[in-house]
Amino acid sequence: MDEYGCAGCREGDGFESSISMAFQPIVDLTSKSVWAYEALVRGPKGEAASSVLRLVTPANIYSFDQRCRVTAIAKAVAAGVLETDARLSINFLPNAVYSPKACIQLTLQTAAKTGFPADRLIFEFTENEQMGDPSHVTAIIETYRQIGFRTALDDFGAGYANLSLLARFRPDFIKLDMDLLRGIDADSTRQHIVEAVVGLAKNLGLGVVAEGIESAGELATVRQLGINLAQGYFLAKPAFEKLPEVRIA
């Protein structure tokens, strides 16, 4: 499956199953507009992400990662993202990047072919024990920054080594884990923690996204704590192959 990858993909198995994407907005609470859409992998008929991820193996992970990038861009353009000013945020697997410069070429080609500006692409990655070589991840982020992409560290506050990885990787954004924000409007301890994280991010020049917002109280509280980018069911649920309507009060 050469069309889906570089040397790493060709040396492994191709990811043969069909996939599609759902899109969930990240809202700018200051301008009350959609700042970005996150692409979330789905089965070809909208099946849950788990139905796709269970098919990923060490042999086809390179091809799968490439397939996700290409599909995310193509489906977002088909859904009308070019008619907006929104960015597109794509999840990627650091262990699936064979070579930062080689593996990104198909993404760049797809963006050019569809007319999607490459500087509106954001790549999200999650800290976990299976990340592999941190120096490889650093090289990926530095390469992406040189190209003009932005990067985001997802699920910040859920992992065991977030602060050390933040110092090493220096992403453009951190996305606060939804468990840290759940019920924050009625939990002063969580408020103090998030307030400290927001202050740290500000000092480091990082943007902060509040994930998993599910109530008006949570939304109001994160705004009071200085967060102006938010995502969650209260604002909009993911929509399969289309850009969802957003609830912005």
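Two rings of Phe, Tyr or Trp count as a pair here if their centres lie within 6.5 Å, with the six-membered ring standing for Trp. Keep that in mind as you look around this predicted model, which holds nine aromatic pairs.

**Stop 1: Trp35 and Phe173**

Select Trp35 and Phe173 and show their side chains. The two rings are 5.0 Å apart, centre to centre, and their planes are at 70°. Planes over 60 degrees apart count as edge-to-face, so this pair is edge-to-face. Now colour the strands: Trp35 belongs to strand E2 (residues 33–42) and Phe173 to strand E6 (residues 173–176), so the pair ties together parts that are 138 residues apart in sequence. Are these two residues buried or exposed? Trp35 has 12% relative accessibility and counts as buried; Phe173, at 9%, is buried as well.

**Stop 2: Phe92 and Phe123**

Next, select Phe92 and Phe123. This is an edge-to-face pair with 6.2 Å between the ring centres and 85° between the planes. Phe92 sits in the loop between strand E3 (87–91) and helix H4 (100–103), while Phe123 is in strand E4 (residues 121–126), so here the pair ties together parts that are 31 residues apart in sequence. Phe92 is buried at 3% relative accessibility, and Phe123 is buried at 0%.

**Stop 3**

In soluble globular proteins, nonpolar side chains tend to be buried together. To explore that here, select Leu88, Ile174, Leu176 and Val194, which touch the most other members of the largest nonpolar core, a set of 59 residues. Which helix gives the most to this core? Helix H3 (residues 61–79) does, with six residues.

Zoom in on Leu88 and show what surrounds it. Leaving aside residues up to four places away in sequence, Leu88 touches Phe23, Tyr37, Ala39, Ala72, Ile73, Ala76, Phe116, Arg120, Leu121 and Ile122.

Then go back to Trp35. This residue is part of a second, separate core of eight residues, which also includes Ala36, Ala152 and Leu229.

**Stop 4**

Finish with Cys68 and Cys103. Cys68 is buried, with a relative accessible area of 7%, and Cys103 is buried at 4% relative accessibility. How many disulfides does the structure have? Taking a disulfide as a pair of cysteine sulfur atoms within 2.5 Å, the count comes to zero.

How values were computed. Residues are numbered from 1 along each chain as its sequence is written. This is a predicted model: local features need pLDDT of at least 70, side-chain atom pairs count only at pLDDT 80 or more; totals for chains, interfaces and linings use all residues. Side-chain values use heavy atoms; hydrogens and water are left out. Rings of Phe, Tyr and Trp (its six-membered ring) pair if their centres lie within 6.5 Å; planes under 30 degrees apart count as stacked, over 60 as edge-to-face and the rest as tilted. Helices (H or I, at least four residues) and strands (E, at least two) are DSSP runs, numbered from the N terminus. Buried means under 20% relative accessible area, exposed over 50%, partly exposed in between (1.4 Å probe, protein chains only). A nonpolar core is a set of buried Ala, Val, Leu, Ile, Met, Phe, Trp, Tyr and Cys residues joined through side-chain atoms within 4.5 Å. Contact means heavy atoms within 4.5 Å.
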